[in-house]
Amino acid sequence: MIGYFLPQSSLPGGFEQLQIPPQTYAIFPTGHYPDGQSGIHELWRRIWGEWFPSSNYEFANGPEFEMTYDRGNNMYEMEIWIPIVKKSES
């Protein structure tokens with residue numbers, strides 16, 4: 001999924017608002033990039049290939065998504081939000 005913060009009254013026609021239940025997310029920012037060029041694919045690779053194997057967390061059942069923020073002047077910031085839970089000690 002891709003998310004974008006909009007005021008409730010600004011939801012364009014043809015779109016649907018989804019309610020996401022509260023849970024813990026790991027949020028990975030890409031930084032500010034012109035015209036939305038963010039290296040997002042490389043960040044996804046690093047999250048799954050480096051962060052998860054070395055962290056004390058695992059993927060939780062829930063939606064993962066990319067959040068885009070318009071910072072003005074053709075500058076955008078993107079974040080990857082992934083639901084997580086602490087690894088069980090078994």
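**Cores and strands of a predicted chain**

Author: The largest nonpolar core holds eleven residues, namely Ala 26, Phe 28, Ile 40, Leu 43, Trp 44, Ile 47, Phe 52, Met 78, Ile 80, Ile 82 and Ile 84. The model is predicted, so local features need pLDDT of at least 70 and side-chain atom pairs count only at pLDDT 80 or more, while totals for chains, interfaces and linings use all residues. Residues are numbered from 1 along each chain as its sequence is written, and side-chain values use heavy atoms, with hydrogens and water left out.

Reader: What makes a set of residues a nonpolar core?

Author: The term stands for buried Ala, Val, Leu, Ile, Met, Phe, Trp, Tyr and Cys residues that are joined through side-chain atoms within 4.5 Å.

Reader: Why is Glu 79 called buried?

Author: Buried means under 20% relative accessible area, exposed means over 50%, and partly exposed lies in between, with a 1.4 Å probe and protein chains only. Glu 79 has a relative accessible area of 13%, and therefore it counts as buried. Of the 90 residues of the chain, 29% count as buried.

Reader: What makes the pair of Glu 79 and Trp 81 a polar contact?

Author: A polar contact is a pair of N or O atoms within 3.5 Å; within protein, one must be able to donate a hydrogen and the other to accept it, and residues adjacent in sequence count only if both atoms are side-chain atoms. The side chains of Glu 79 and Trp 81 make such a contact at 2.9 Å, a value that lies within 3.5 Å.

Reader: How do you know that β4 and β5 pair?

Author: Strands (E, at least two residues) and helices (H or I, at least four) are DSSP runs, numbered from the N terminus, and two strands pair if DSSP finds at least two bridges between them. Strand β4 (residues 65-72) and β5 have seven bridges, in the antiparallel sense, and therefore they pair. Thr 68 has Met 78 in β5 as its bridge partner.

Reader: What makes β3 and β5 a pair?

Author: Strand β3 (residues 57-59) and strand β5 (residues 75-86) have three bridges, again in the antiparallel sense, so they meet the requirement of at least two. Here Glu 58 stands opposite Val 85 in β5.
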